[in-house]
Amino acid sequence: MGEKRDRGHQRPTPYLPSDAELRSILGDSNVIAVVGLSSNPDRESHSVAAYLQDKGYRIIPVNPNETQVLGEQAFASLADIPSDVEIDVVDVFRRAEETPPIASGAVERGAKVLWLQDGIVNDDARRIAEEAGMAVIMGVCIRRTDQRLQV
């Protein structure tokens, strides 16, 4: 069963590869589908995606409640992104219990990396992605990681 976030102050333990592997993942990636991306500039998903866009990544918003975010067309799900778009990273801003179907969608789309943002850890999602050969990062912010590694 996937890990649930404790309602107290304890956070789930992050799951991530080495710094060398993280540098390779970020350096080799071009297209990042951001699941849960909001058009609200006060939301963390928006500021992280804007940072990634400024760093040269192509952002694909995935949110059924949005039509466009940061100048990019939004899609209701990963399956709705046109099939000719190659997705490198699926970056997730959703509750941990919602991530296994997202991991399955990432596998179906042929994404290379499943990245669950800060505080999001789910062992079922990790297993789904890893069994399909994807790299998995959980519980860590992609922006802070990029800044720390200076990719």
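This briefing covers helices α3 and α4 and how they pack. The model is predicted. The axes of α3 and α4 lie 8 Å apart, at an angle of about 10 degrees. With the cut-off for roughly parallel set at under 35 degrees, the two helices are therefore roughly parallel to each other.

**The α3–α4 contact**
- From α3, the contact uses Thr 99, Pro 100, Ala 103, Ser 104 and Val 107.
- From α4, Asp 124, Ala 125, Ile 128 and Ala 129 take part.
- Six of the contact residues are nonpolar, two are polar and one is charged.

**Helix α4**
- α4 spans residues 123-131, and its buried residues are Ala 125, Ile 128 and Ala 129.
- Viewed down the α4 axis, these buried residues fall within an arc of 90 degrees, so they line one face of the helix.
- Their cover includes α3 (99-109), β6 (113-118) and β7 (135-139).

**Helix α3**
- The buried residues of α3 are Thr 99, Pro 100, Ile 102, Ala 103, Gly 105, Ala 106 and Arg 109.
- Among the elements covering them are β1 (31-35), β5 (89-92), β6 and α4.

**Helix ends**
- At the start of α4, a side-chain oxygen of Asn 122 comes to within 2.9 Å of the backbone nitrogen of Asp 124.

Notes. Residues are numbered from 1 along each chain as its sequence is written. This is a predicted model: local features need pLDDT of at least 70, side-chain atom pairs count only at pLDDT 80 or more; totals for chains, interfaces and linings use all residues. Side-chain values use heavy atoms; hydrogens and water are left out. Buried means under 20% relative accessible area, exposed over 50%, partly exposed in between (1.4 Å probe, protein chains only). Helices (H or I, at least four residues) and strands (E, at least two) are DSSP runs, numbered from the N terminus. The arc is that of the directions from the helix axis to the C-beta atoms. Contact means heavy atoms within 4.5 Å. A polar contact is a pair of N or O atoms within 3.5 Å; within protein, one must be able to donate a hydrogen and the other to accept it, and residues adjacent in sequence count only if both atoms are side-chain atoms. Axes are lines fitted to C-alpha atoms, for helices over the stretch in contact, and angles run from 0 to 180 degrees between N-to-C directions. Angles under 35 degrees count as roughly parallel, over 145 as roughly antiparallel, 65 to 115 as roughly perpendicular and the rest as oblique. Ala, Val, Leu, Ile, Met, Phe, Trp, Tyr, Cys and Pro count as nonpolar, Asp, Glu, Lys and Arg as charged, and the others, Gly among them, as polar.
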